[in-house]
Amino acid sequence: MAAPLPEQVIDGQRQDWNRVAGGWEKWDRFFDEQMAFLNHRLVADARLRNGLRVLDLGSGTGYPALLAAQAVGANGSVVGIDLAEHMLAVAERKAKQLGLPNVTFRVGDVTTLPFEAASFDAVISRFCLMFVPDIPKAAAEIARVLKPGSWVAVAVWSAPEKNPSIAISMAAVKQVIDLPAADPMAPGIFRLATPGEFAGMLEKAGLTDITDQEFLGEWSYGSTDQYYTSLMEIAAPVQNLMATLSEAQRLEVKHLIIKAASQFQRGAHITFPIAVRMIAGRKPG
Ligand SMILES: C[S@@+](CC[C@H](N)C(=O)[O-])C[C@H]1O[C@@H](n2cnc3c(N)ncnc32)[C@H](O)[C@@H]1O
């Protein structure tokens with residue numbers, strides 16, 4: 001089968017993430033409690049401080065843009081961009097609830113940023129760039145919109161074997177149906193897991209002082225059922241896989257996922273290790 005065209009990927013992404021926006025709003029508090037440490041790491045790597053103007057790529061329901069808005073304060077500002085308007089509607093509600101008038105959200109594609117050259121003091125992004133069909137183009141756009149001397153900091157998923165909370169769902173589906181071998185270059189959750197890959201793209205785009213580190217953490221769910229329900233309600237790529245199954249196959253996959261997740265029981269919680277690549281770089285000048 002021919003690979004989808006970039007515009008088909010973008011359109012699919014928009015539809016996928018719009019579909020799960022309600023799930024993200026439902027699970028927002030839980031994921032913020034479990035994943036906020038990644039936002040803090042991005043704020044630090046991008047050297048955010050009072051008064052800066054920041055761009056967040058693929059903000060979804062608002063992170064890390066909302067933490068960045070707190071970091072830069074009333075004298076600074078943050079723009080979050082994303083394809084999915086329903087995700088951004090959630091982000092806007094959260095900004096209002098948090099009393100953050102210095103953050104705005106805008107629909108757009110990270111490979112064609114609607115901003116002038118050298119218009120931002122920092123660029124940040126969490127779990128977006130691996131879904132982009134032309135990632136070098138996104139890297140070039142980051143380099144274009146950064147002011148000389150300013151930083152980009154990006155988080156993407158590391159390898160599947162280090163991220164069982166994502167990988168066990170895919171492994172379970174593979175146990176039940178024959179899936180065609182995934183194209184490692186196709187946009188997807190683990191597309192940027194290889195060390196040095198996105199760092200190399202930033203370097204080619206002209207950035208300097210690049211770091212690429214694997215950051216190990218963990219997160220905890222109250223039960224295997226809570227884990228399974230949240231996975232099905234927020235993980236658009238997993239939903240897409242499940243949609244290809246019959247009802248009987250879905251039940252079998254659910255059973256396999258819950259069985260695999262129960263191996264991560266620690267005390268009263270299901271605690272998964274996670275591994276995230278944190279890549280940062282600076283525009284010369
Ligand atoms: C896994 S969500 C991450 C959302 C948020 N940054 C977070 O960490 O909670 C991925 C987001 O990337 C967005 N996205 C995917 N491809 C994009 C593109 N080409 N341009 C802008 N946003 C994109 C999706 O719409 C989705 O909201």
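Guide: A residue is called buried if 20 or more other C-beta atoms lie within 10 Å of its own, exposed if 12 or fewer, and partly exposed in between, with C-beta atoms placed from the backbone. We are looking at a predicted model, where local features need pLDDT of at least 70, side-chain atom pairs count only at pLDDT 80 or more, and totals for chains, interfaces and linings use all residues. Residue numbers start from 1 along each chain as its sequence is written.

Visitor: Is alanine 186 buried or exposed?
Guide: Let's find alanine 186 first: this residue sits in the loop between α7 (164–176) and α8. Helices (H or I, at least four residues) and strands (E, at least two) are DSSP runs, numbered from the N terminus. Around alanine 186 there are 11 other C-beta atoms within 10 Å, so this residue counts as exposed.

Visitor: How far apart in space are alanine 186 and proline 133, C-alpha to C-alpha?
Guide: Along the sequence, alanine 186 and proline 133 are separated by 53 residues. In space, the distance between their C-alpha atoms is 7.3 Å.

Visitor: Why is helix α4 described as largely enclosed by the rest of the structure?
Guide: Helix α4 covers residues 65–72, and its buried members are Ala65, Leu66, Leu67, Ala68, Ala69, Ala71 and Val72. α4 is largely enclosed because, of its eight residues, the number buried is seven.

Visitor: Which strands do the buried residues of α4 pack against?
Guide: Packing here rests on contacts, where two residues have C-beta atoms, placed from the backbone, within 7 Å. The helices that the buried residues of α4 pack against are α3 (28–45) and α5 (85–98). The strands they pack against are β1 (53–57), β2 (77–82), β3 (103–107) and β4 (120–126).

Visitor: At what angle do α3 and α4 pack?
Guide: The residues that meet are Asn39, His40 and Val43 in α3 and Leu67, Ala68 and Ala71 in α4. The two axes (lines fitted to C-alpha atoms, for helices over the stretch in contact, with angles from 0 to 180 degrees between N-to-C directions) give the packing angle. The axes of α3 and α4 lie 9 Å apart, and their angle is about 50°.

Visitor: Which residues of α8 does α6 meet?
Guide: The axes of α6 (residues 135–145) and α8 (residues 197–204) come within 8 Å and cross at roughly 50°. From α6, the meeting residues are Ile135, Pro136 and Ala139. Their partners in α8 are Met201, Leu202 and Lys204.

Visitor: Which residues of α9 touch α11?
Guide: Helix α9 (residues 224–234) packs with α11 (residues 247–262) at an angle of about 130°, and their axes are 9 Å apart. The α11 side of the contact has Lys254, Ile257, Ile258, Ala261 and Ser262. The α9 side has Thr224, Tyr227 and Tyr228.
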